[in-house]
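Me: Could you walk me through this complex, with its confidence and its charges?

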Amino acid sequence: MSDGLTIVQSSSSQSALPVVRELVNSLKNRILFFSFLYPSELFTAEQDNLTVFDWTDRIPGYSNEPLDLLENIPSGDKPTTVVIDSLETLLSDIGSVSATVTLLKKVRKRQNTNLILHVVQSHESKDLVAHLSQTSFSPSLVLHTAYPTSLLLHISANYMTPPPPLSPEPKFWSVFLPISERQHDIDAIVYGGEGSGSYVTEEFVVETIVRGGQNGSRKRRTVERNLRGWKSPNGFCELKDLAQLGGLWGSNKTSIEANTPTDPTTNLSFNLNLTPSQQAARAQVPLPYMHQGEDSSKVQGAIYYDPDSADDIDDDDPDEDLDI
Amino acid sequence: MSSFKRKTGIKAEVPTGTRPSPSSPSTFLTSTGIPSLDDILGGGLPLSCSALILAPDLHSAYADLVHNYFLAQGFAAGHNIVLVDEEPLRVFDECMWTPASFVAEQDRKELEADQHEEKIKIAWRYETMKQFQTTVESNQSSEDEYCRTFDLTCRVPRHIVDQALQSGQLNSIDLADGFGPERLQVQSIIERIAVVLQASRRPTRVCVSSLGSSSWGNLGPEDVLFLLVTLRGLLRKHPFSCAMVCLSPSVATDAWGGLGWTQKLGWVVDACIMMKAFTANPSLLALFPTHHGLLQVSALPASHTVLAPSDKLSTLRGLLASSSGAGGGENNLAFKCMRKRMIFETLHLDLDGGVGERRTTPALDTWVNVIGDANQKEGNEGEAVVKIHLGEGGPGSVVIAPRKKKKAVGFSLERPDILYEF
């Protein structure tokens with residue numbers, strides 16, 4: 001999809017591994033798969049353009065083999081994609097954020113090398129992802145973040161803001177962005193009292209930020225955000241194709257049409273209606289103080305006088321000694 | 001008339017590329033390269049002051065842009081430059097420059113022609129009013145010594161950079177690759193800056209382009225504060241120097257530095273601005289379509305004065321202009337980056353009216369009479385019936401009448417007990 005850097009973020013409430021699997025399987029060029037945490041069979045079958053480095057047992061302090069990423073990436077003319085399946089494990093192996101970023105920067109600088117990184121959001125990896133998302137690390141970026149579908153259902157129920165085609169985009173993003181940054185709130189929605197837990201990995205929602213940018217125009221860099229669904233065997237799909245969100249599309253139409261304010265007289269145990277003769281009689285009753293507003297405006301008799309520049313204003317009343 | 005005359009002191013020599021501040025003649029101001037930013041700071045950045053630019057948005061690099069303007073202005077004014085960065089030569093090459101002069105002339109002529117045309121169309125009573133402006137322009141020529149007009153489409157010619165490197169005008173401090181203790185690295189950088197400052201005769205600009213990026217190692221908040229405080233002390237010792245520090249985007253947020261981090265940063269430097277860009281936020285982009293971000297000013301330089309001169313001198317912030325009104329406040333500021341330049345300007349909400357209109361008290365100019373009609377009943381009993389009819393004549397019509405504010409004439413009699421005799 002991009003020719004540079006792709007970061008896929010999972011969270012404690014939703015895993016984005018299927019996205020990584022799809023990205024890896026769709027690549028045609030040479031793939032170097034560095035497996036730090038997950039077995040590589042989870043992602044892809046054996047292919048001839050795939051080289052797997054199984055480093056799940058290379059733990060600093062317990063094994064003597066170094067984590068030499070750079071040496072294992074042959075520099076050449078063939079377009080290569082380096083896939084790192086667990087960035088937070090690499091971070092904890094190396095120990096410092098800046099060293100990890102420097103290492104990845106060197107990988108990125110190799111010619112014809114794309115990077116696909118998968119990271120699970122956590123307190124430690126937040127800093128690392130922030131460094132990697134900056135424009136100084138890579139001008140172009142594709143950032144996928146996975147969210148559970150229950151988040152969209154929660155927003156639509158509690159904030160009355162269903163996902164984009166149903167509500168205006170600026171309004172939806174202004175509600176979605178702050179809550180998406182609060183991971184503990186999303187965890188509470190999924191694992192809390194009313195949550196469904198995270199057993200569903202076939203369908204989830206993916207927010208994608210695409211920052212295109214050639215080195216030519218460094219000012220007008222457009223950043224696009226969009227929200228799509230993910231359905232397990234097929235891949236990316238529209239939000240309305242997700243079965244879990246079907247309720248939003250079905251019920252919302254009725255709620256838009258039922259815009260009339262609820263009539264409080266519908267379910268009462270006593271009768272508030274009037275018969276036509278009663279209504280006619282009621283219309284003929286003269287209201288007692290109907291003319292009060294009009295009278296005051298007629299009787300008021302205030303004089304609105306704008307003094308001219310030639311007028312001298314004398315506050316004394318010349319008639320004050322009139323004795324009538 | 002007082003017979004005391006201000007003793008004009010011996011005129012101190014004004015360093016190149018600087019000018020004395022209008023509000024305190026002993027302070028010299030130097031331009032940041034952007035005229036509107038100079039206006040916000042009160043005329044320019046004073047010498048021996050440090051400025052901090054924060055741009056917390058990850059998807060844009062506006063702090064780098066402001067930093068490049070500062071560098072380019074330093075080149076143009078002939079100041080010495082000390083740049084602390086991991087790839088200083090690349091940064092030097094990316095600076096902007098003034099356009100070729102004939103292009104600038106054409107632009108200016110077109111602008112004047114437009115303005116002349118507009119003058120004819122405006123009614124005579126408005127001629128004395130200034131045109132509505134949202135920003136401050138520098139209307140000097142492009143060869144002005146204080147602040148040059150830079151064009152973002154032009155880059156610095158290579159020969160100027162080479163010449164400057166050879167003559168010693170440009171000094172760069174590379175960040176070492178070793179990840180030793182960060183505090184020691186910061187200290188060694190400060191020492192190297194001090195060496196350069198000591199040796200230079202011309203005004204010097206210290207530029208730190210991306211503090212907190214990965215090449216600095218794992219800096220903690222204390223290390224950043226330590227650098228800024230010692231830098232400020234160093235600048236005070238060398239009165240012909242100034243500094244601009246730009247923080248890396250990930251470091252500029254409260255999430256990194258803890259609660260109140262941005263406030264702390266404002267206290268350890270003389271001038272601090274935060275540029276909150278809208279790049280990745282569709283809702284803010286839709287709300288403010290003409291701007292690229294908001295500007296928040298956390299600290300303003302006040303060297304040799306108690307209050308910042310920007311309070312009085314800045315037209316963009318608008319404090320002086322509104323002080324005669326009811327409870328003045330500052331203007332909201334925003335920035336936008338156009339194809340050829342970057343400007344900071346005032347941000348106004350929509351003037352269209354309706355819910356977007358910003359009014360705290362109803363306007364005194366119009367009043368609406370409410371008429372109730374006995375024959376027609378709309379709504380339930382007790383509900384206010386408001387009908388506004390346009391047009392003359394008839395009962396229950398024409399209601400909107402402009403009422404001018406009554407002229408308030410107040411005079412106090414000096415001898416109140418005099419009676420007027422008729």
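Reply: Happy to! A salt bridge is a side-chain nitrogen of Lys or Arg within 4 Å of a carboxyl oxygen of Asp or Glu. This is a predicted model, where local features need pLDDT of at least 70 and side-chain atom pairs count only at pLDDT 80 or more, while totals for chains, interfaces and linings use all residues. Residues are numbered from 1 along each chain as written, chains are lettered from A and ligands numbered from 1 in the order written, and side-chain values use heavy atoms, without hydrogens or water.

Me: Which side chain meets R225(A) in a salt bridge?

Reply: Side chains of opposite charge can pair when their charged atoms come close. R225(A) sits in strand β8 (residues 223-231) of chain A, and its partner in strand β7 (residues 203-211) of chain A, 18 residues apart; strands are DSSP runs of E, at least two residues, and helices runs of H or I, at least four, numbered from the N terminus. At 2.5 Å from N to O, the partner is E207(A).

Me: How many salt bridges are found over all chains?

Reply: The R225(A) and E207(A) pair is a salt bridge. A search of the whole structure gives a total of 13.

Me: Where is confidence lowest in chain B?

Reply: pLDDT is the predictor's confidence in each residue, from 0 to 100. Chain B has a mean of 77, with 67% of its residues at 70 or more. Its highest element is strand β4 (residues 50-54) of chain B, at 96, and the lowest, at a mean of 58, is helix α4 (residues 101-121) of chain B.

Me: What ipTM does the predictor give the complex?

Reply: Chain A has a mean pLDDT of 83. For the complex, the pTM is 0.75 and the ipTM is 0.73.
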